[in-house]
Amino acid sequence: MLKFLLNKLVLIVPTFIGITIVAFGFVRVLPGDPILALAGERGVEPERYQQLLVQFGFDRPIWEQYFTYVIGLFQGDFGTSIATKRPVLNEFMTLFPATVELATCAIIFATLVGIPAGIISAVKRGSWFDQLTMGTALAGYSMPIFWWGLLLIILFSGVLGWTPVSGRISLLYFFPQVTGFMLIDSLLSGQAGAFRSAVMHLILPTIVLGTIPLAVIARQTRSAMLEVLGEDYVRTARAKGLEQVQVVGVHALRNAMIPVITTIGLQVGVLLGGAILTETIFSWPGIGKWMLDSISRRDYPSVQGGLVLIALIVMVVNLTVDVLYGLINPRIRHQ
Amino acid sequence: MTDPTLKNIDQDVVREEARKARWSVLNEFWHYFSANKGAVLGLCIFGFMILMAVLAPLIAPHDPNLQNRDAFLVPPVWQDGGSWAYMLGTDAVGRDILSRLMHGARFSLFIGVVVVTISLIGGILIGLIAGYFRGWVDTLIMRVMDIILAFPSLLLALVLVAILGPGLVNAMIAIAVVLQPHFARLTRAAVMSESNREYVTSAKVAGAGHMRLMFKTILPNCVAPLIVQATLSFSTAILDAAALGFLGMGAQPPTPEWGTMLAEAREFVLRAWWVVTFPGIAILVTVLAINLVGDGLRDALDPKLKRS
């Protein structure tokens with residue numbers, strides 16, 4: 001087990017180096033002068049230019065610049081935003097809980113709906129339920145989620161007036177951020193209606209961000225279940241006279257879940273990419289919207305820092321999924 | 001074998017047999033593909049889209065960029081205030097939505113073709129080299145692919161567009177770069193499983209060079225998974241390009257690209273539902289049709305699924 005873990009850890013070192021090279025190279029391949037790019041659109045005086053040249057270390061050889069950059073990363077220095085003059089890491093950490101809250105709700109929604117739908121489809125293979133579910137899943141998988149979000153806004157916010165159009169909570173409520181998660185903070189504040197408002201704001205973004213993972217999970221669950229249901233041990237369980245619920249729920253499900261868990265883990269990258277679109281549509285103050293805004297206002301240090309942080313998060317999550325996969329599936333571990 | 005006529009006959013027979021074999025492969029393929037009703041439906045819709053794209057200048061009732069000052073936000077024909085002149089209504093500056101959608105089909109299909117071609121060629125070359133030569137070349141290439149895949153694809157495409165500058169061409173390049181590792185990985189895996197087969201060894205013994213082995217001996221036997229991946233990438237490319245257009249980083253207004261149309265329509269979400277609804281339906285239907293075809297292709301080309 002330790003050897004398996006070490007092997008996985010060794011593999012992420014080149015990926016980490018690659019991610020940092022991409023982020024480091026990003027500012028240098030931008031058209032024009034990197035200092036002008038980093039300093040923003042207003043430009044700089046010649047003396048200030050020299051000062052910045054030394055400050056950013058552009059007067060030193062490129063490999064030295066890269067090492068300084070990576071050492072900075074390890075010390076938590078991800079650059080300073082041009083727009084706010086605050087450290088990029090602080091910016092990121094302020095907005096990150098909003099994205100985590102949204103992404104968590106989305107993946108919970110996708111899992112809670114997707115897995116049962118996939119199981120029932122597999123058990124009732126070829127039925128109208130199966131065909132309807134798989135048709136819907138393929139439509140969900142093909143969905144332009146930015147349009148899907150607009151459509152839900154038209155229906156639920158415009159026509160029916162059930163949910164708010166944007167933001168995380170109504171402006172009527174104000175309370176200190178304790179955890180950064182609106183659902184928890186609104187409960188802690190003790191203000192009447194605050195929690196309800198937070199939930200109402202979450203519903204549509206959750207559905208929009210969860211749509212593609214939901215479709216993927218439902219399809220994956222179905223095919224994993226179909227594979228397992230044909231195995232000998234399932235036939236044995238049936239032959240023993242066990243109830244359908246027991247056969248499916250205990251014998252088949254446990255083994256079918258292995259690939260499904262991996263699939264759920266791999267959705268993290270999809271979620272963070274989808275967050276850019278979802279957060280933009282619903283004006284959700286998370287890192288997805290922040291990345292897009294940073295790109296639009298040419299806040300390159302923020303883009304650079306955000307790129308590294310997001311890639312690192314995806315990498316760590318994927319590693320965790322890999323390790324978990326090894327834990328529940330000994331065959332992988334001993335390869 | 002020295003008799004010239006005998007040699008000729010032999011070749012004719014061989015050619016005839018090869019033709020028959022090709023037909024039977026195609027027949028078998030169509031048999032499995034047409035068993036999937038969804039795939040056939042998808043193919044029909046896709047064919048219709050191609051037709052619409054090709055004929056757009058002839059069948060579109062209006063110029064897609066013509067702004068009519070007398071017809072701002074006209075609703076579709078079946079609603080009060082709608083007119084047959086603008087069947088699906090007009091947008092905020094009085095352009096006919098139906099005509100814009102028809103011309104938009106050209107952009108979407110063009111994006112799909114270009115992106116898939118670039119990423120397919122790039123991915124095949126990279127994957128072939130990695131899978132054929134192995135060793136440090138393979139390690140290096142695959143690590144680079146891992147790095148590209150470590151970033152969420154839309155984010156990486158956005159950053160690439162930020163470097164290259166917004167626009168349709170740059171968006172296509174960015175999406176091709178992001179999609180390419182999938183082809184490289186697939187080709188590499190297929191090449192690695194094929195290279196140890198007897199027919200490759202026999203070609204090697206017969207004196208075939210690296211180029212011949214890679215492109216003429218091994219590659220044709222790795223085509224099936226690549227076709228499926230290419231189809232799925234075609235729909236991803238359309239979806240991603242629309243997303244970039246929506247975020248203002250892809251095709252720029254007044255291009256009638258579907259995602260860009262949605263971006264322009266955003267502020268009218270609660271006032272004019274048709275401006276928002278139709279471009280999205282166009283994207284969804286096209287992408288769904290292609291994915292249906294992709295599912296059908298996988299069923300028809302994957303021998304593992306054929307038996308079940």
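This is a predicted model: local features need pLDDT of at least 70, side-chain atom pairs count only at pLDDT 80 or more; totals for chains, interfaces and linings use all residues.
**Terms and values in chains A and B**

Reader: What share of the 308 residues in chain B is buried, and what makes a residue count as buried?

Author: Buried residues account for 44% of the 308 residues in chain B. Residues are numbered from 1 along each chain as its sequence is written, with chains lettered from A and ligands numbered from 1 in the order in which they are written.

Reader: How many helices and strands does chain B have, and how do you know that a stretch is a helix?

Author: Chain B comes to 12 helices and 0 strands, and chain A has 14 helices and 0 strands. These are DSSP runs, numbered from the N terminus: a helix is a run of H or I with at least four residues, and a strand is a run of E with at least two. The C-alpha atoms of chain B fill a box of roughly 85 × 45 × 40 Å along the principal axes, and those of chain A span about 85 × 55 × 35 Å.

Reader: Which residues of chain B does UniProt annotate as "transmembrane region"?

Author: The unreviewed entry gives residues 39-60, 107-133, 153-179, 222-251 and 271-294 of chain B, although such annotations may be inferred rather than shown by experiment. Over residues 271-294 the chain is 92% helix, with its end C-alpha atoms 37 Å apart; residues 153-179 are 89% helix, and there the end C-alpha atoms lie 8 Å apart.

Reader: What makes two residues a contact, and how many residues of chain B are in contact with chain A?

Author: Two residues are in contact if their C-beta atoms, placed from the backbone, lie within 7 Å. By that test 34 residues of chain B are in contact with 36 residues of chain A. Helix α11(B) gives the most to this side of chain B, with 10 residues. The side divides into 26 nonpolar, 5 polar and 3 charged residues, where Ala, Val, Leu, Ile, Met, Phe, Trp, Tyr, Cys and Pro count as nonpolar, Asp, Glu, Lys and Arg as charged, and the others, Gly among them, as polar.

Reader: Why is α3(B) called oblique to α6(B)?

Author: Helix α3 (residues 97-133) and helix α6 (residues 168-195) of chain B pack at an angle of about 40 degrees, with their axes 6 Å apart. Angles, taken from 0 to 180 degrees between N-to-C directions of axes fitted to C-alpha atoms over the stretch in contact, count as roughly parallel under 35 degrees, roughly antiparallel over 145, roughly perpendicular from 65 to 115, and oblique otherwise. The pair is therefore oblique.

Reader: Which residues of α5(B) and α9(B) meet, and why are these helices called oblique to each other?

Author: L154(B), A157(B) and V161(B) in α5(B) meet D240(B), A243(B) and L244(B) in α9(B). That contact divides into 5 nonpolar, no polar and 1 charged residue. The two helices pack at about 55 degrees, with their axes 11 Å apart, and are therefore oblique to each other.

Notes
A residue is buried if 20 or more other C-beta atoms lie within 10 Å of its own, exposed if 12 or fewer, and partly exposed in between; C-beta atoms are placed from the backbone.
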